[in-house]
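Here is a short tour of one protein chain, written for someone who likes to keep the model open while reading. Please have the viewer ready.

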Amino acid sequence: VITLNLNLNMPSEDFVGSSLVFVDEHNASKTHTVDFKAGHSIIHKGSLLHSALPIERGERQNLIVWLFGEHGDVRVAPYDESEQMTPAERWWGSMAYAGGSDEVVSPVCNSGDG
């Protein structure tokens, strides 16, 4: 799993503390501390051991998204060509094609004039 952590605070919304601490994946006795400022985001492997230090003053608002692939896996190698999807298949799935032709159909619905 890949983790996206986005700090939603505005620069005027002051807080103190809550730095993120990551354990070095090659040397568990070593850590890396990241100050997580308003408007910043961090992307990291979800399997990487990490924690947030306590908030000392103010509030921190975050959006956290976990990104993962089929069966919960994140691939580190490209898909075999036979497993790759076209952009239309990826974004619109079975709605991508009209009547089996190669013509891409937009998934946007029109209300019509009357």
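Of the 114 residues in the protein chain, buried residues make up 16%; buried means under 20% relative accessible area, exposed over 50%, and partly exposed in between, with a 1.4 Å probe and protein chains only. This is a predicted model, in which local features need pLDDT of at least 70 and side-chain atom pairs count only at pLDDT 80 or more, while totals for chains, interfaces and linings use all residues. Residues are numbered from 1 along each chain as its sequence is written, and side-chain values use heavy atoms, with hydrogens and water left out.

**Overall layout**

The protein chain has 1 helix and 8 strands, arranged along the sequence as β-β-β-β-β-β-β-β-α. Helices (H or I, at least four residues) and strands (E, at least two) are DSSP runs, numbered from the N terminus. Among contacts with a separation of 6 or more, 64% are between residues 24 or more positions apart; contact means heavy atoms within 4.5 Å. The protein chain exposes about 8,900 Å², and carbon and sulfur atoms supply 55% of that area. Accessible areas come from the Shrake-Rupley method with a 1.4 Å probe, and for residues only the protein chains shown count as cover.

Val1 sits in the segment before strand 1 and is partly exposed, at a relative accessible area of 40%. Together with Ile64, Trp66 and Phe68, Val1 makes a nonpolar surface patch of about 440 Å². Patches are made of residues with over 30% relative accessible area and no salt bridge; like charges are joined within 9 Å, and nonpolar side chains (Val, Leu, Ile, Met, Phe, Trp, Tyr) within 5 Å.

Ile2 lies in strand 1 and is partly exposed at 24% relative accessibility. The C-alpha atom of Ile2 is 9.5 Å from that of Gly69, although 67 residues separate the two along the chain. Thr3 also has its place in strand 1, but Thr3 is buried, with a relative accessible area of 5%. Leaving aside neighbours within four places in sequence, Thr3 is in contact with Ile42, Ile43, His44, Gly46, Ile64, Val65 and Trp66.

**The nonpolar core and its surroundings**

Which residues make up the largest nonpolar core? They are Leu20, Phe22, Phe36, Ile42 and Leu48, 5 residues in all. A nonpolar core is a set of buried Ala, Val, Leu, Ile, Met, Phe, Trp, Tyr and Cys residues joined through side-chain atoms within 4.5 Å. Not counting residues up to four places away in sequence, Phe36 touches a list of residues including Leu6, Phe15, Ser18, Leu20, Ile42 and Arg60.

Val34, in strand 4, is partly exposed at 30% relative accessible area. With residues up to four places away set aside, Val34 touches Ser19, Leu20, Phe22 and Ile42. The C-alpha atoms of Val34 and Phe22 are separated by 8.1 Å.

**Two buried loop residues**

Asn9 belongs to the loop between strand 1 (2–7) and strand 2 (16–17). Is Asn9 buried or exposed? Asn9 is buried, at a relative accessible area of 4%. Its side chain reaches the backbone oxygen of Glu59 at 2.9 Å. Beyond residues up to four places away in sequence, Asn9 touches Phe15, Ala38, Gly39, Glu59, Arg60 and Gln61.

Ser18 is found in the loop between strand 2 and strand 3 and counts as buried at 1% relative accessibility. Phi of Ser18 is near 65°, a positive value in a residue other than glycine. Most residues other than glycine have a negative phi.

**Salt bridges**

How many salt bridges does the count come to? The count comes to 2, where a salt bridge is a side-chain nitrogen of Lys or Arg within 4 Å of a carboxyl oxygen of Asp or Glu.

| Salt bridge | N to O distance |
|---|---|
| Asp14 and Arg57 | 3.1 Å |
| Lys45 and Glu25 | 2.7 Å |

Asp14 is in the loop between strand 1 and strand 2 and Arg57 is in strand 7 (residues 55–57), so this pair links distant parts of the chain, 43 residues apart. Arg57 counts as partly exposed at 47% relative accessibility. Lys45 lies in strand 5 (residues 41–45) and Glu25 in the loop between strand 3 (20–23) and strand 4 (31–34), so the pair ties together parts that are 20 residues apart in sequence. Lys45 is partly exposed too, at 38% relative accessibility.

Methods. Polar contact = N/O pair within 3.5 Å; in protein donor to acceptor, adjacent residues only side chain to side chain.
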